[in-house]
Amino acid sequence: MLRRIDEALINRANQSLLNELEADYAALGDKLARQNIDIEAITRSAADFQIAVPSWGTGTGGTRFARFPGTGEPRNIFEKLEDCAVINELSGCTDSVSPHFPWDKVDDFSELKQTADEYGIKWVSVNSNTFQDQPGQEHSYKYGSLSNTSKEARELAIQHNLDCIGYGQQLGAKSLTVWVGDGSNHPGQQHFQRAFERYLASMEQIYKGLPDDWEMHIEHKMFEPAFYSTIIQDWGSNILAAMQLGPKCKSLVDLGHHAPNTNIEMIVSRLIQFKKLGGFHFNDSKYGDDDLDSGSLHPYQQFLIFNELVDAEYRKEQDFNPAYMLDQSHNVTDPAESLINSAIEVQRSFVKALLVNREALYGYQEDNDALMASLELKNAFNLDVSPILAMARYRKGAAINPLAVYRSSGYRSKMAELRPRDPNATGSGIV
Ligand SMILES: [Mn+2]
């Protein structure tokens, strides 16, 4: 097993914090026991919770205005994988990576898979990129990809998605996430129905190329890079497309891809009900697709989403297995630090949702007791579950205080020496 962070460093740091953690954990355990909640069961669930890291999130993101790269950033997928291993070793809850092609394309996928295996990292959903032209590309995506009026451009986009499935198969992935930047900037520019028909016809070709045990996830986004209309602008178009394409096609919810104040948890409920929830891109936002760190602004919204997810698990909903992934753009922080912190913030929402007394909540709902129903949720949200998260990490050999260990390891400054910046490097964290 390959490692990036010295186990002895983690162990030393953990030993210095263990007494304090055990005391906090025991106190929380007593408190939960009074509510008939077994803290050990919650801690086991916390330890099982895993969220994927996006390969593109390991580098500094950027805006339309500028990108301010940090030092020691990964320059290729092998180096991104190294940083993902660091994030997992410290957080204990990110054992998979989601790659993006062609950014992460390599000549030898078996070498990439083997390296990931040695780090104990799995590959999950592969992402296609038809929102920018590649050097020398014959048919441009300027006016769209899968919905382009040009048959040649559409075929190029279809083939790229089929190629992505092939790369993913070599890595052991089981799903393809399709987000397209297709849309229009002017009223009248595009015939809505014809464009959607072209998109669906293209997606049918990709769907036919899915292996039997694969899923295809469609990601909706209401604006950007097209600012008047987008082809899959919201969950309505998304679920329509997913229903049209077939049972292996599901919808993916990126939290930032909605208008401010949208009731995302209710969208999640609808997708669960119709067996169309494929997965998530977690992030947070204030105004638009800001791609801010998960839970940094709206932790209650994130909790309410997990309330729906845990409820579906509690009800043993059939065919319910959404993929969890972060999708953030880190502009002013060390991406590894943000990803560690964000993964834990998502795990925190999951754990808090486990504390809700489902039967009590159903009772309040049946009795139309609005206040007690909302307090059942709010009381779970208000409880500090940090000792559970820290204990889950400690028992897995991860860090009780991951950020402190990361900083004391000097990882980034070591990488700054080993990874001199490539002046031609591009790529932002916006997806
Ligand atoms: Mn996304």
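## Sheet, helix packing and local backbone features

Three strands in the order 1-2-3 form an open sheet with parallel pairing. Strand 1 (53-54) and strand 3 (122-123) are at its edges, each with a single partner strand, so one side of each has no neighbour in the sheet. Two strands are taken to pair if DSSP finds at least two bridges between them. Helices (H or I, at least four residues) and strands (E, at least two) are DSSP runs, numbered from the N terminus. Strand 1 runs parallel to strand 2 (residues 96-98), and 2 bridges join them. Val-53 has Val-97 in strand 2 as its bridge partner.

The model is predicted; local features need pLDDT of at least 70 and side-chain atom pairs count only at pLDDT 80 or more, while totals for chains, interfaces and linings use all residues. Residues are numbered from 1 along each chain as its sequence is written.

**Strands 10 and 11**

Strand 10 (residues 277-282) pairs with strand 11 in the parallel sense, over 4 bridges. His-281 stands opposite Met-325 in strand 11. Together with helix 9 (residues 299-314), strand 10 and strand 11 make a right-handed β-α-β unit. Right-handed here means that, with the strands pointing away from the viewer, the path from the first strand over the helix to the second runs clockwise.

Strand 11 (residues 323-326) is covered on both faces: Ala-323 and Met-325 on one side, and Tyr-324 and Leu-326 on the other, are all buried. A residue is buried if 20 or more other C-beta atoms lie within 10 Å of its own, exposed if 12 or fewer, and partly exposed in between, with C-beta atoms placed from the backbone.

**Helix pairs**

Two packed helices are described by the angle between their axes and the distance between the axes. The axes are lines fitted to C-alpha atoms, for helices over the stretch in contact, and angles run from 0 to 180 degrees between N-to-C directions.

| Helix pair | Axis angle | Axis distance |
|---|---|---|
| Helix 5 (residues 151-171) and helix 6 (residues 192-208) | about 35° | 9 Å |
| Helix 2 (residues 39-48) and helix 13 (residues 386-395) | roughly 65° | within 9 Å |

Helix 5 and helix 6 cross in the right-handed sense. A crossing is right-handed if the near helix is turned clockwise from the far one by less than a right angle, and left-handed if anticlockwise. On the helix 5 side, Arg-154, Ala-157, Ile-158, Asn-161 and Leu-162 meet Arg-198, Ser-202, Gln-205 and Ile-206 of helix 6. By class, the residues of this contact are 4 nonpolar, 3 polar and 2 charged. Ala, Val, Leu, Ile, Met, Phe, Trp, Tyr, Cys and Pro count as nonpolar, Asp, Glu, Lys and Arg as charged, and the others, Gly among them, as polar. Residues are in contact if their C-beta atoms, placed from the backbone, lie within 7 Å.

The crossing of helix 2 with helix 13 is right-handed. Ile-39, Ile-42, Thr-43, Ala-46 and Ala-47 in helix 2 meet Ile-388, Leu-389, Met-391, Ala-392 and Arg-395 in helix 13. This contact has 8 nonpolar, 1 polar and 1 charged residues.

Glu-89 is part of helix 3 (residues 77-91). Glu-89 counts as buried because 26 C-beta neighbours lie inside 10 Å. Apart from neighbours within four places in sequence, Glu-89 is in contact with Arg-3, Arg-4, Ile-5 and Ala-398. Leu-277 is 188 residues from Glu-89 in sequence, and the two are 29 Å apart in space, C-alpha to C-alpha.

Asp-213 is in the loop between helix 6 and strand 7 (215-219). With 8 other C-beta atoms within 10 Å, Asp-213 is exposed. Asp-213 and Ser-175 are 38 residues apart along the chain, and their C-alpha atoms are separated by 8.6 Å.

**Backbone geometry in loops**

The peptide bond joining Phe-101 and Pro-102 is cis, with omega about 10°. Pro-102 is in the loop between strand 2 and helix 4 (109-119). A cis peptide bond also runs from Glu-224 to Pro-225, where omega is near 5°. Pro-225 is in the loop between strand 7 and strand 8 (229-230).

Asp-319 is not a glycine, yet has a positive phi of about 55°. Asp-319 is in the loop between helix 9 and strand 11, and counts as exposed with 10 C-beta neighbours inside 10 Å. Asn-368, not a glycine either, has a positive phi of about 60°. The loop between helix 11 (358-366) and helix 12 (370-382) holds Asn-368, which counts as exposed with 7 C-beta neighbours inside 10 Å.

Note on methods
Two residues are in contact if their C-beta atoms, placed from the backbone, lie within 7 Å.
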